Amino acid sequence: MGTVAVKQAKPHVECNSALEMLRMMVLIREFEAPCDQQYRAGKIGGYVHYYNGQEAVATGLVPLLRNGDTMITAYRDHGYALALGTSPQSIMAELFGKATGCAGGKGGSMHLYDVARGFLGGYGIVGGSVPLAVGSAFALKYRNMPNLCITFLGDGAMEQGAVHEAMNMAGLYHVPCLFVLENNGYAMGTSVSRHAAETDFVKRVTNGYAIEGERVDGMDVLAVRAAGERVMERMREDGRPFFLEAVTYRYAGHGFADNAQQQKFYRTDEEIDAYRHRDPIDQLYHLMEKHGDITEADFKRMQAEAKAVVEEAIRFAEESPFPSPDSLFENVLSGN
């Protein structure tokens with residue numbers, strides 16, 4: 001069977017240097033910073049899940065995707081879209097529910113979409129995106145395309161039955177799906193030790209589904225990048241699935257309802273502070289500063305530039321129109 005062309009808007013964002021990776025992580029962090037205010041002002045509908053603390057994972061892996069690759073993830077999806085090259089304006093407009101959003105204003109924060117770059121969506125059902133990712137990877141294999149699908153899931157999703165059915169199929173049929181588990185220690189407010197009978201997720205997958213896997217420090221973007229380069233190169237050669245666990249941490253609560261007071265029921269300020277001392281942005285910045293690759297002035301300029309990009313994105317979103325009522329049934333799949 002011949003290959004099937006996939007329309008691409010342009011190549012994915014390329015982060016080929018430490019400076020570019022630092023700039024991307026700063027942009028992801030700054031993008032989400034004003035969302036709380038916009039949400040509480042009623043500008044953002046639905047719900048919002050923050051990615052702050054986990055920036056190294058998206059930044060280290062997503063820019064490694066090539067034209068024709070696909071990506072599917074869950075609802076904490078702002079960072080992946082930015083790392084893929086989706087414009088901050090179209091992402092913010094989507095959060096505002098505007099017609100210029102990357103999903104036409106109908107998806108919101110949890111359902112970003114950019115098919116031109118291979119992003120087949122963020123999904124709101126925990127673990128529900130994983131079978132779709134395996135299906136996408138199977139389609140790539142079936143069409144003899146030299147590509148892979150990457151999917152991101154949280155540790156809470158590891159207890160979903162559909163995830164394990166999908167992993168079993170991936171191992172059985174040898175489909176090029178890269179499962180990236182972002183283990184931030186909590187399924188909403190439930191710690192890993194309280195929701196998983198076996199907390200060694202790599203062991204569970206490699207022993208259970210004949211999928212090779214490994215664990216990486218998800219707070220270290222250079223380590224994530226190195227693991228991604230090695231794993232994806234191998235997958236493009238053998239076409240088999242792989243499981244990569246990135247051990248990371250989120251500073252914010254699960255979502256807006258999970259406020260600081262609520263979080264005290266399941267984690268301490270000391271724990272959060274301990275992870276902040278391993279902050280992925282600070283780690284890379286200080287390493288580069290040590291080697292003379294960046295100055296404090298350069299870093300502050302980088303942060304200011306990212307804030308300006310986000311301010312422009314907010315202005316764009318506020319000035320954009322809402323979707324027309326006539327478009328209500330556009331892009332809606334229905335049948336008898």
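A crossing of two helices is right-handed if the near helix is turned clockwise from the far one by less than a right angle, and left-handed if it is turned anticlockwise. The model described here is predicted. Two packed helices are described by the angle between their axes and the distance between the axes.

**Helices α7 and α9**

- Helix α7 covers residues 161–173 and helix α9 covers residues 201–209; their axes lie 9 Å apart and the helices pack at an angle of about 50°.
- Because of this angle, α7 is oblique to α9.
- The crossing of α7 and α9 is right-handed.
- On the α7 side the contact involves H164, M167, N168 and G171, which meet R204, V205 and Y209 of α9.
- The residues in the contact of α7 with α9 comprise 3 nonpolar, 3 polar and 1 charged.

**Helices α5 and α14**

- The axes of helix α5 (residues 88–95) and helix α14 (residues 296–319) cross at roughly 50° and come within 8 Å.
- The crossing of α5 and α14 is right-handed.
- Helix α5 contributes P88, Q89, S90, M92 and A93 to the contact, while α14 contributes V309, V310, E312, A313, I314, F316 and A317.
- By class, the contact of α5 with α14 consists of 9 nonpolar, 2 polar and 1 charged residues.

**The largest pocket**

- The largest pocket holds about 350 Å³ of space.
- Its lining is formed by 22 residues, and Y75, R76, V126, G154 and G156 are those that lie nearest the centre of the pocket.
- Strands β3 (149–154) and β5 (186–187) each supply at least two residues of the lining of the largest pocket.
- Strand β3 provides the largest share of that lining, with 3 residues.
- The lining of the largest pocket includes 10 nonpolar, 8 polar and 4 charged residues.

**The second largest pocket**

- About 280 Å³ of space is found in the second largest pocket.
- A total of 13 residues line the second largest pocket, and A103, K106, H111, Y113 and N331 lie nearest its centre.
- The lining of the second largest pocket is divided into 6 nonpolar, 5 polar and 2 charged residues.

Conventions:
Residues numbered from 1 in each chain as written. Predicted model: local features only at pLDDT ≥ 70, side-chain atom pairs only at ≥ 80, totals over all residues. Heavy atoms only, no water. Axes fitted to C-alpha atoms, helices over the stretch in contact; angles between N-to-C directions. Helix = DSSP H or I, 4+ residues; strand = E, 2+ residues; numbered from the N terminus. Contact = heavy atoms within 4.5 Å. Nonpolar A, V, L, I, M, F, W, Y, C, P; charged D, E, K, R; others polar. 1 Å grid on protein atoms, 1.4 Å probe; cavity = no way out; pocket = protein on both sides within 12 Å on 5 of 7 lines; lining within 4 Å. Points joined across faces, edges and corners; volume = space filled by probe spheres on them. Parallel < 35°, antiparallel > 145°, perpendicular 65-115°, else oblique.
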